[in-house]
Amino acid sequence: MSAGQTGKQRSQRIQIDYFRHRGGLFYLRCGCIVAGLVAAGLYGALVIGRGGGSHLSTGPLAVVHVSFENDCQQCHQDFTPLASDAFRIDPESSVSHTEQACQKCHQVDGHHRDLLLADWKMVDQNCAICHADHQGRQRDLTAVVNPLCSQCHSDLSKVCTANRSPVVRDQVSRFDLESHGDFASLKSDPGRVKFDHRQHMLPGQVDPGSKGAMTVSMLEATRREQYRRAGQGNDDLVSLDCSSCHQFAGNPDAHVVLAGDQELGRYLKPISFDQHCSACHSMNPPGRTEDTLPLPHAAPWSEIGLLLQTKIAGLRQLGTARSPRDDTQPAPIPGEGFGSAANNVSIVSAAEVDVALKAMQVQCLKCHDSASITDEAINTALAGTSTPLIPARWLRHGIYDHAAHRKMDCRYCHADAYPNEAMSSSPPDDHQQVMIGGIETCTPCHRPADVAEPEGLSDLFSGQPTWASDDCILCHRYHTSVGVKR
Amino acid sequence: MKCNPGLCCVSPPDFGRLVIQLMIFVSSIFIIFGEAVADGQESPLVGRASCAASTCHGGAVDRGPAWNHALTKWLAQDPHAGAGLLLRDEDSRAIVTALEPQAADSKEIFDQVLRKRCISCHTTATASECKSDQRLTDALLARGVSCESCHGAARSWLAAHVQSDWQGSQRFQPQTGLLDTESVIGRADGCLRCHVGSRREDGLIRDMNHDLIAAGHPALRFDLLLYNENLPSHWDESGTVEQAFDESALRVRSVGRASSLSAAAALSGQRAADHQSDPGVPWPELSDYDCFACHQSLSISEYRLPASEKNRSPLRISDGLPIWNAWHTIGQKELSRKNLQALSPQRIGAKAMAAAASNVSSQYRQQAINHEKATFDPQSVIEQLRSVLQDSPPRDWHEAAIQYLSADAAVRDLKSKQSTLREQLEPLLRFNRDANENTLYQSPAKFDPNEFQKAMLDALTSRPPGDVAVTSAAEVPTITDQP
């Protein structure tokens, strides 16, 4: 500022009506607007003229949908106004079109939509709300973030009718005991096979200080190598570990849940007598030798009776079994000599078969309850129409991936299945005890990213970091297959 | 109340049928293996099904240790397994109907006879099962003479027997309930409860008396060594327990004979004592005495031992007088004439006989104990036999049979691999020497003492020299005939 200027002189530098004069800047701005509009019009005409295509896309499709990259109408509907004088689309029509497009491949049910309150039914539930595509090739469309779930699950009472499942908590906002609660399906063991996990984990499957340990030589000959540890001879004790009976497998309920749950390792193979029990617990008819077969497991009793009859008769014919009337003996008795054989060794009386059958049933009852070994129960089991005696899945409302946790010691989650030094001897069976850890075994690792690692976890993965996502979708699936009630 | 088809897997009629099936099934299990509860009290028997798991004693034969397939092998090969079912065959039916003619027309009476007279030995049964008036199930008979008959009622030791400190002879203390099958005396005792009989053991009456023999049951002539050899082993034949049996056949035979005599004397005493309180118990009990003393041929030409030739039979065996238990007493030199006379019913009453029998039983019990610790010289036994036979032929079939058994044991102890003693001598002792002869009766009528004497001397003389030297025992059992 010059020292000699007055205030009036300074104000006169700018004309007082300067805003009434259109200068170059004005004309430049207008030109740009017109040019922009023209360009937009030309681009719109070009897009409309060429059918839109990628010009309307917000980004590349995920790799799973890449084949539709240039075929927008597979998912999208041409603009169709409600009426000739209306410039508005019908939301229901639009959503249903997109959903129908998705369901051409992904035939899934809605997620309890029938339970939603009226207000929530009007909320847009287009598939793309959770599975937004056009986010790039590497986009994981199943990666649904927790807030999408907690929209409803933070307070179900405001979203659903009162007719909702009692096992689902009303307010879940975090994965911890307080908010999420413990796993409801682990409250009781529906299994009906009597079994003692601890005893089977002991060397020789006997309690310390007990006799009668199982040795390799006592196993079925064809199964010895399956159970023999490195360097073991036939007289060494059979030592089992979890993998002796529990092998990775796909989801046994794969027919009612989405693909992906069938991945090897996500679940464990169902326990089967023939694969997991028979090496030690074969069903032996009287006189069974190494050269003869055991009786089949879970066959109708009429069939077992017939097999028993033929096996006993066969062993008598071979001379390895004796008829009741056979009093032959290797050393002659003074006066009586060597005795005499039975006239017809192939005759096995009904009483013999009946008693052998009942003796077999007593063996069955060591593991089964009486209701499970009736002919009716056996036949329905063979037909696959009965509930498995051992649950194929334990976490009925969530999924678990054993393979993902393979580096962990099984004892971390299944401590009760192992021998306990404080316990002098095993209980007769533990089939009513759930041996799967609760949510407290999950939350130390599956925690919010900003929560520090709890103490005592450093050895869990040999010093590696233990943080794991606490996303809802790690364990839960939103959809079911069509017609399947979760 | 409505049944919700979505919640219930079977319709109501099906459900009712299922419940009934279950009830029948469960009750059949308890009836068939109904050793658990009898008369409101828990039975001491647990039943053989309790042992039959493949990881316990029901494994495949010849797989793993012997204990693992003991029951499987026993079921297939041991004649005791089928002993109960024998009671349903035609021979048994003939015996029962001979005992009780009404049994021919009444299944109830038939079963009553089996319960009262037979199942105590032919099955593993409790006293209440023997006394019951109910029909006899095939299932009870099919138990046979199973584990707990020889090893003792298992409820008292079932849990203990799997403990690693369940070792040694302390297992056989009376309070454990486990019976001794490992010592020679113990194993003999197990057999003798039925193969001689008892009216006291286990609260059961196991008395195979003259009535049963007359009805057709074979007479009992138990020999521990032979019976043990004939029993299909469901134990470890190479184990230390069997070494005592393999070490000396003479010891086993001597212990067995002393034990048998002790048991026979005890049974005679029990019969006499029971007769005093219950006149329905036969006394004199003729099965206590030598069958062939009375059952001789009525043909004069075949009457081998007339009473006039008393000097041929110092023990008066087979001379028409009822001599007490010839099978057990032949050659038992410690059995005094006084005791033998005390056991003869023509000389003594029931009360005195009960006391005398008790003394004899105790005496031979002690002798069995002594023999189990003794050492035996097979060579001297053979020499004694040869000496006796060179003097005279055996007086009767009993003496010949015992001489044969002694020689058989001695030859076994000499480990002579080429012995043909059995092949040479045993056929001469057969009751039915003509294989084509179908006779109902067991009679040594065709036994020829002179033929036997010659064959025995030939066999003992032609036998290769013994290759095992056995230290002479302080007490060597002999086959001498003077009491």
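In this predicted model, 49 residues of chain A are in contact with 54 residues of chain B. On the chain A side, helix α12 (residues 350–364) of chain A gives the most, with nine residues. The class make-up of that side is tabulated here.

| Class, side of chain A that touches chain B | Count |
|---|---|
| Nonpolar | 17 residues |
| Polar | 20 residues |

**Chain A**

Chain A has 486 residues, of which 14% count as buried. Its secondary structure comprises 13 helices and two strands. Among contacts in chain A with a separation of 6 or more, 59% join residues 24 or more positions apart.

Confidence in chain A averages a pLDDT of 85. Of its residues, 88% score at least 70. The mean is lowest, at 75, in helix α3 (residues 91–103) of chain A. Helix α8 (residues 224–227) of chain A has the highest, at 95. Where pLDDT is low, coordinates should not be read in detail.

**Nonpolar cores**

Which residues touch the most other members of the largest nonpolar core? They are B:A357, B:A407, B:A410 and B:L429, in a core of 68 residues. Helix α12 (residues 249–277) of chain B gives the most to this core, with 13 residues.

B:A407 has contacts beyond its neighbours within four places in sequence. Its partners there are B:I382, B:L385, B:L421, B:M456 and B:L460.

Another core, of 39 residues, lies apart from the largest one. Its members include A:M283, A:L308, A:A356 and A:A359. In soluble globular proteins, nonpolar side chains tend to be buried together.

Note on methods:
Residues numbered from 1 in each chain as written. Chains lettered and ligands numbered in written order. Predicted model: local features only at pLDDT ≥ 70, side-chain atom pairs only at ≥ 80, totals over all residues. Contact = placed C-beta atoms within 7 Å. Helix = DSSP H or I, 4+ residues; strand = E, 2+ residues; numbered from the N terminus. Nonpolar A, V, L, I, M, F, W, Y, C, P; charged D, E, K, R; others polar. pLDDT = per-residue confidence, 0-100. Core = buried A, V, L, I, M, F, W, Y, C linked by C-beta atoms within 7 Å. Buried ≥ 20, exposed ≤ 12 C-beta atoms within 10 Å, placed from the backbone.
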